[in-house]
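Colleague: I would like to learn how to read a structure with two chains. Could you take me through it, one feature at a time?

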Amino acid sequence: MTSNVTTQEGKSALSSSPPAAVDRQSGRERPAFMASQPPTKVAILGAGRGGTALLDLLHQIRTIEIVGITDQNPGAPGLQRARELNVPVYERVADLIGNHGVNLVMDVTGDPAMERMLHKQVPTGADILSGPASRILWELVQHESALQTELLHAEKLAGIGSFAAGIAHDMNNPLQLILGLAENLAEEQDLEAVHLQARDIIEAVKRTTAICRDLTSYSRRASSLQDSVITINTKLDEALKIARYAVALQDIDIRKAYQPDVTVKGNPDELLHVFVNLITNAVQAMEHGGTLTLETAVIDGAAQVRVSDTGCGIPQELFGQIFEPFFTTKPPGKGTGLGLYNIKNVIHHMHGTIAVASQVGRGSSFTITFPRDAVTGDRSAHP
Amino acid sequence: MSEFKSGFFMGDQSSNGRVLIMDDEADIRKVVRMTLQKAGYDVLEAEDGQKGIETINAGENRLLLDVIICDIRMPKVNGIEAIAYFRQNYPRVPLIVLTGFPDTDMATSLLRQGVVDYLVKPVEGEKLKASVARAMEQRELAHL
């Protein structure tokens, strides 16, 4: 399993030379003016829901270095998350805050005794964020999470516009059959032919109904219910069905290499959106046809999903940008630039990683890896 | 399929004309065939643009095909590519587009290229027959 949770692991393997200033944790290049500034060293106390959310959020900020996290409960979800992110985990608060030249101690334990203790123990020069300030921070983190959900939904709805051609094709074809048969039935004398054509009409109506069902189910807001165990193979097939409204699959050779019973715990609506997006991108990269490969596997307890195409590929110089919000290579009005950004966020919330490998003219592959605990569902719910 | 008869440039004298329907959906080909056969047309089918091109290039169809009805979204060779081929190689064979997706820009462009009609599914049998009849008139005028 990869040790880096960020979304661009493939970049370092494929880039010809490392960027001048690279963030240690995220692997992202820093703007030149920041290159010389040392990162703010942050210690997190508490690894419950708040600590985990904070960890996920701060980890993405290039000017922050998380020096460690601690929690009195060794089973706290944030500790496992920290290990995945290569953030040191400490058993004792004193070991964490007493070293490393910590600039800021963020206490999200909610324990008043901890707050009092910190004011005595935290080294001079380090700031403490606890009590009401900590609660406000938690509110902000939740707000950020809600905004990301809204953004995901907005991008999904924007994308549905591109379904128009596919929907029209799939609705109007059965309607043509229904109309043609009904016109014929008005004059048909042969009773057997009447029965056959009536049956064809019923089947055509069922097909049309299925289109509406698929799309209304897809376009709804992702449910905010608790995460559930998702069978990945089924979800990929469902995504393929939806994606065909957005992109024409007639000239695409679809290959599936599914390992049976690959599961992950997460939000099924959000994961469906991730798969639809990846498949749509892959097909759009193959303007003149090609092969779309969908693979699933369990490797060392971790679930892997790979969506590959034999399309135009992604130039190396864009690897660092493709997961950034509003980055798109599509013409104006054709892409929101939020697809891969939202994918990254969803995968991140599911404690997974996404890596890209690509060669111009040969194709691209996106590999999502969910760690063992996400596969078995052996982890507490996250916000 | 009807037999080849004399009347070289008037097509098969036993039918009202020979029509090729190109659509990847078998159901669409079926109802178009049903409608046009009842109106006395001889109907050929092709499941994509490539098959359509093969059909028109096969034997007597080069000379006897009167009208082509063409879908847009098809595998291998799509409708736009097939229409370009027909306009270049068989400019006298009238073309009717029968598509599931109403696209004004595409309709305008295709009509400018000489397509006789741009029909959006679902289309009534009477309208389809009227369109084919108009195309047949154009076909006959082309032979004068």
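Colleague: Then let me start with confidence. What is the average pLDDT of chain A?

Modeller: Chain A averages a pLDDT of 81, and 85% of its residues score at least 70.

Colleague: Where in chain A does pLDDT stay under 50?

Modeller: Here is the general idea to start with. Where pLDDT is low, the predicted coordinates should not be read in detail. In this model, pLDDT stays under 50 over residues 1–34 of chain A, a stretch with 60 contacts beyond four places in sequence. Residues 377–383 of chain A also stay under 50, and the model has 19 such contacts for them.

Colleague: Thanks, I will read those stretches with care. Now for the sheets: in what order do the strands of the open sheet in chain A come?

Modeller: Strands of a sheet pair through backbone hydrogen bonds, either parallel or antiparallel. The open sheet in chain A has 5 strands in the order β3-β2-β1-β4-β5, with parallel pairing. Its edge strands are β3 (89–90) and β5 (127–129) of chain A, each pairing on one side only. Between β4(A), residues 104–107, and β5(A) there are 3 bridges, and these two strands run parallel. One place to look is Met106(A), whose bridge partner in β5(A) is Leu129(A). Helix α5 of chain A, residues 112–121, packs on this sheet and touches β1 (40–45), β4 and β5 of chain A; the helix direction makes about 165 degrees with that of β4(A).

Colleague: Which strands of chain A run antiparallel?

Modeller: Look at β6(A), residues 228–231, and β8(A): 4 bridges join them, and they run antiparallel. Ser228(A) stands opposite Gly266(A) in β8(A).

Colleague: Which way do the residues of β8(A) point?

Modeller: The general rule is a handy one. In a regular strand the side chains alternate between the two faces of the sheet. In β8(A), residues 263–266, Thr263(A) and Lys265(A) point one way, while Val264(A) and Gly266(A) point the other way; all are buried.

Colleague: Why does Gln304(A) count as buried?

Modeller: Burial here is a matter of counting neighbours, and the cut-off is 20 or more other C-beta atoms within 10 Å. Gln304(A) has 21 C-beta neighbours inside 10 Å, so it counts as buried. You will find Gln304(A) in strand β10 of chain A, residues 302–308. Leaving aside neighbours within four places in sequence, its contacts include Thr296(A), Ile299(A) and Thr367(A). Gln304(A) and Thr263(A) are 41 residues apart in sequence, and their C-alpha atoms are 9.6 Å apart in space.

Colleague: Let us turn to chain B. How many helices and strands does chain B have?

Modeller: Chain B has 6 helices and 5 strands. From the N terminus on, they follow the pattern β-α-β-α-α-β-α-β-α-β-α. Of the 144 residues in chain B, 44% are buried.

Colleague: Which residues of α4(B) are buried?

Modeller: In α4(B), residues 79–89, the buried ones are Gly79(B), Ala82(B), Ile83(B) and Phe86(B). Seen down the axis of α4(B), they fall within an arc of 100 degrees, so they line one face of the helix. The face turned away from that buried side carries the exposed residues Gln88(B) and Asn89(B). The elements against which the buried residues pack include β1 (17–22), β3 (67–70) and α5 (104–112) of chain B.

Colleague: Finally, how many residues are in contact between the two chains?

Modeller: 16 residues of chain A are in contact with 19 residues of chain B. The side of chain A that touches chain B has 7 nonpolar, 7 polar and 2 charged residues.

Technical notes. Residues are numbered from 1 along each chain as its sequence is written. Chains are lettered from A and ligands numbered from 1 in the order in which they are written. This is a predicted model: local features need pLDDT of at least 70, side-chain atom pairs count only at pLDDT 80 or more; totals for chains, interfaces and linings use all residues. Two residues are in contact if their C-beta atoms, placed from the backbone, lie within 7 Å. Ala, Val, Leu, Ile, Met, Phe, Trp, Tyr, Cys and Pro count as nonpolar, Asp, Glu, Lys and Arg as charged, and the others, Gly among them, as polar. A residue is buried if 20 or more other C-beta atoms lie within 10 Å of its own, exposed if 12 or fewer, and partly exposed in between; C-beta atoms are placed from the backbone. The arc is that of the directions from the helix axis to the C-beta atoms. pLDDT is the predictor's confidence in each residue, from 0 to 100. Two strands pair if DSSP finds at least two bridges between them. Axes are lines fitted to C-alpha atoms, for helices over the stretch in contact, and angles run from 0 to 180 degrees between N-to-C directions.
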